[in-house]
Amino acid sequence: MADTEFASLFRFDEVGSWGPFHWLGLLCSVAIAGINLYVWTLTAMPQFLAIAGSFVFGIALFFTRFWNSILYLVGTVHVVALGVVWVLDGRGFLVLGVANGVFSVGLLLTALSLFFAELRAGDD
């Protein structure tokens, strides 16, 4: 792949304009992925590996030109589904579950905030 094709795939030129909410969302996503990957290493329960992988995929997608503001809403639905998995299968990890919940609520609020901010910016 040529350098220009690589550069056009990723939106590194926009990174400098990202505000605190973008970085908070990324931080929450990385933390959620890390917690779920850690729980998978302890339990070998595949749902936690799938969750970690899905958040890593979302982080990678966020840096590409394929990212669209509607994906913030997809992310919020994904975070709600994550909560269901933790209620059903993560009860044995109370501290990690609470930490995961805090990061999940942070990501949910951040994603909704970014979605509505971009929606308002598109109306201008």
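How do the axes of H2 and H3 cross, and within how many Å do they come? In this predicted model, the two axes come within 8 Å and cross at roughly 155°. The sections below start from the whole chain and then return to this pair.

## The chain as a whole

Let's begin with the overall layout. The secondary structure amounts to 5 helices and 0 strands, so reading along the sequence gives the pattern α-α-α-α-α. The chain has 124 residues, and 29% of them are buried. Among contacts with a separation of 6 or more, 75% are between residues 24 or more positions apart.

## H2 against H3

Back to the opening pair. With axes crossing at roughly 155°, H2 is roughly antiparallel to H3, because an angle over 145 degrees counts as such. The crossing in which H2 passes H3 is left-handed.

On the H2 side, the contact is formed by His 22, Leu 26, Ser 29, Val 30, Ile 32, Ala 33, Asn 36, Leu 37, Val 39, Trp 40 and Thr 43. Facing them in H3 are Pro 46, Phe 48, Leu 49, Ile 51, Ala 52, Phe 55, Val 56, Ile 59 and Phe 62. By class, the residues of this contact divide into 16 nonpolar, 4 polar and no charged.

One of the H2 residues in this contact is Ser 29. Ser 29 has 10% relative accessibility and counts as buried. Setting aside neighbours within four places in sequence, Ser 29 is in contact with Phe 55, Ile 59 and Leu 107.

## H3 against H4

The next pair is H3 (residues 46–62) and H4 (residues 70–89), whose axes come within 11 Å and cross at roughly 165°. These two helices are therefore roughly antiparallel to each other, and their crossing is left-handed.

From H3, the residues that make the contact are Gln 47, Phe 48, Ile 51, Ser 54, Phe 55, Leu 61 and Phe 62. From H4 come Leu 71, Tyr 72, His 78, Val 79, Leu 82, Val 85, Trp 86 and Asp 89. This contact divides into 11 nonpolar, 3 polar and 1 charged residue.

## The nonpolar cores

Which residues make up the largest nonpolar core? There are 12 in all: Cys 28, Ile 32, Ala 33, Ile 35, Val 39, Phe 48, Ile 51, Phe 55, Val 79, Leu 82, Trp 86 and Leu 107. Helix H2 (20–43), H3 and H4 are the elements that give two or more residues to this core, and H2 gives the most, with 5. A second, separate core has 9 residues, including Trp 67, Tyr 72, Leu 114 and Phe 115.

Leu 82 is a member of the largest core and also takes part in the contact of H3 with H4. Not counting residues up to four places away in sequence, Leu 82 touches Ile 32, Asn 36, Ile 51, Phe 55, Asn 100 and Ser 104.

Is Asn 100 buried or exposed? Asn 100 sits in helix H5 (residues 94–123) and is buried, with a relative accessible area of 2%. Leaving out its neighbours within four places in sequence, the contacts of Asn 100 are Ile 32, Ile 35, Asn 36, Leu 82 and Trp 86.

## Two loop residues

Two exposed residues complete the tour. Ala 44 is found in the loop between H2 and H3, and at 57% relative accessibility Ala 44 counts as exposed. Its phi is near 60°, a positive value in a residue other than glycine.

Phe 66 lies in the loop between H3 and H4. This phenylalanine is exposed, with a relative accessible area of 59%. Even so, Phe 66 touches Leu 9, Leu 61 and Leu 71, not counting residues up to four places away in sequence. Phe 66 and Arg 11 are 55 residues apart in sequence, with 9.2 Å between their C-alpha atoms.

Methods: Residues numbered from 1 in each chain as written. Predicted model: local features only at pLDDT ≥ 70, side-chain atom pairs only at ≥ 80, totals over all residues. Heavy atoms only, no water. Axes fitted to C-alpha atoms, helices over the stretch in contact; angles between N-to-C directions. Helix = DSSP H or I, 4+ residues; strand = E, 2+ residues; numbered from the N terminus. Parallel < 35°, antiparallel > 145°, perpendicular 65-115°, else oblique. Left-handed = near helix turned anticlockwise from the far one by under 90°. Contact = heavy atoms within 4.5 Å. Nonpolar A, V, L, I, M, F, W, Y, C, P; charged D, E, K, R; others polar. Buried < 20%, exposed > 50% of the residue type's maximum accessible area, 1.4 Å probe, protein only. Core = buried A, V, L, I, M, F, W, Y, C linked by side-chain atoms within 4.5 Å.
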